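Please open the structure in your viewer and keep the selection tool at hand. The tour goes from one selection to the next, with a short account of what is there at each stop.

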Amino acid sequence: MSNKGKRKGNTGERKVADFLTGLYGQKFIRVPNSGAFLGGANAFRRTQLDEGQKASFKADLIPPSNMRKLVIESKFYGEFPFHNLMKDEDVPLLDKWIDQAKTSAEADDFWVVVFRINRKGAFAVFDKCLMDRFLINNHVVYKDHAITEFESFFSNNKDVIFGLVQTDGA
């Protein structure tokens with residue numbers, strides 16, 4: 001990735017972390033030099049880390065210790081083929097992001113892909129089997145996943161999401 005692309009990604013991650021920090025009143029931070037530390041070909045590292053260390057490197061953001069079951073992949077791109085969603089066509093880039101989040105997550109984690117698109121907004125993707133738990137204003141279904149606006153999704157479902165991801169913080 002170019003330096004410009006990396007800076008843009010870092011900015012996107014910071015914006016998501018800042019929003020969640022403000023919403024929950026607890027600090028969310030970017031994973032330093034984030035990028036698949038435990039995902040994909042690096043999955044072998046899981047056997048060498050304790051639970052706290054694993055939680056810190058699951059995805060692009062480190063949640064507070066009492067929310068370790070929240071796994072967030074964050075993306076920031078210039079364009080996105082929204083028209084493919086309406087035409088029920090594959091979106092390989094979105095498939096890749098979803099796969100990254102799912103690969104990093106443990107079985108009982110709540111994973112979310114947050115993607116920000118220039119001049120379009122920020123969106124959240126998660127397993128559609130969980131939709132009945134949430135208040136969602138507008139959404140589109142893509143394969144087995146729901147896509148909705150990021151900030152309203154987290155704001156409207158702050159407590160529900162916390163209940164899904166809450167841990168003892170140890």
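Select Ser74 to begin; this residue lies in strand β3, where strands (E, at least two residues) and helices (H or I, at least four residues) are DSSP runs numbered from the N terminus. The model is a predicted one, in which local features need pLDDT of at least 70 and side-chain atom pairs count only at pLDDT 80 or more, while totals for chains, interfaces and linings use all residues. Residues are numbered from 1 along each chain as its sequence is written, and side-chain values use heavy atoms, with hydrogens and water left out.

Is Ser74 buried or exposed? Its relative accessibility is 6%, so Ser74 counts as buried, a word that here means under 20% relative accessible area, with exposed meaning over 50% and partly exposed in between (1.4 Å probe, protein chains only). Now show the residues in contact with Ser74, that is, with heavy atoms within 4.5 Å: leaving aside residues up to four places away in sequence, Ser74 touches Gly12, Glu13, Val16, Asp60 and Val114.

Next, select helix α4, residues 92-104. Colour Leu94, Trp97, Ile98, Ala101 and Ser104, which are the buried residues of α4. Looking down the axis of α4, you will find these buried residues within an arc of 135°, so they line one face of the helix; the arc is taken from the directions from the helix axis to the C-beta atoms. The face turned away from the buried side of α4 carries the exposed residues Pro92 and Lys96. Among the elements against which the buried residues of α4 pack are β3 (70-77) and β4 (110-117).

Of its 28 residues, Leu20, Leu70, Phe110, Phe134, Phe150, Phe153 and Phe154 touch the most other members. The largest share of this core, six residues, comes from α1. A second, separate core of 19 residues includes Val71, Leu94, Ala105 and Trp111.

Finally, show the whole chain, whose secondary structure comes to six helices and seven strands, and in which buried residues make up 46% of the 170 residues.

Note on methods: Expected span 1.5 Å × (residues − 1). Core = buried A, V, L, I, M, F, W, Y, C linked by side-chain atoms within 4.5 Å.
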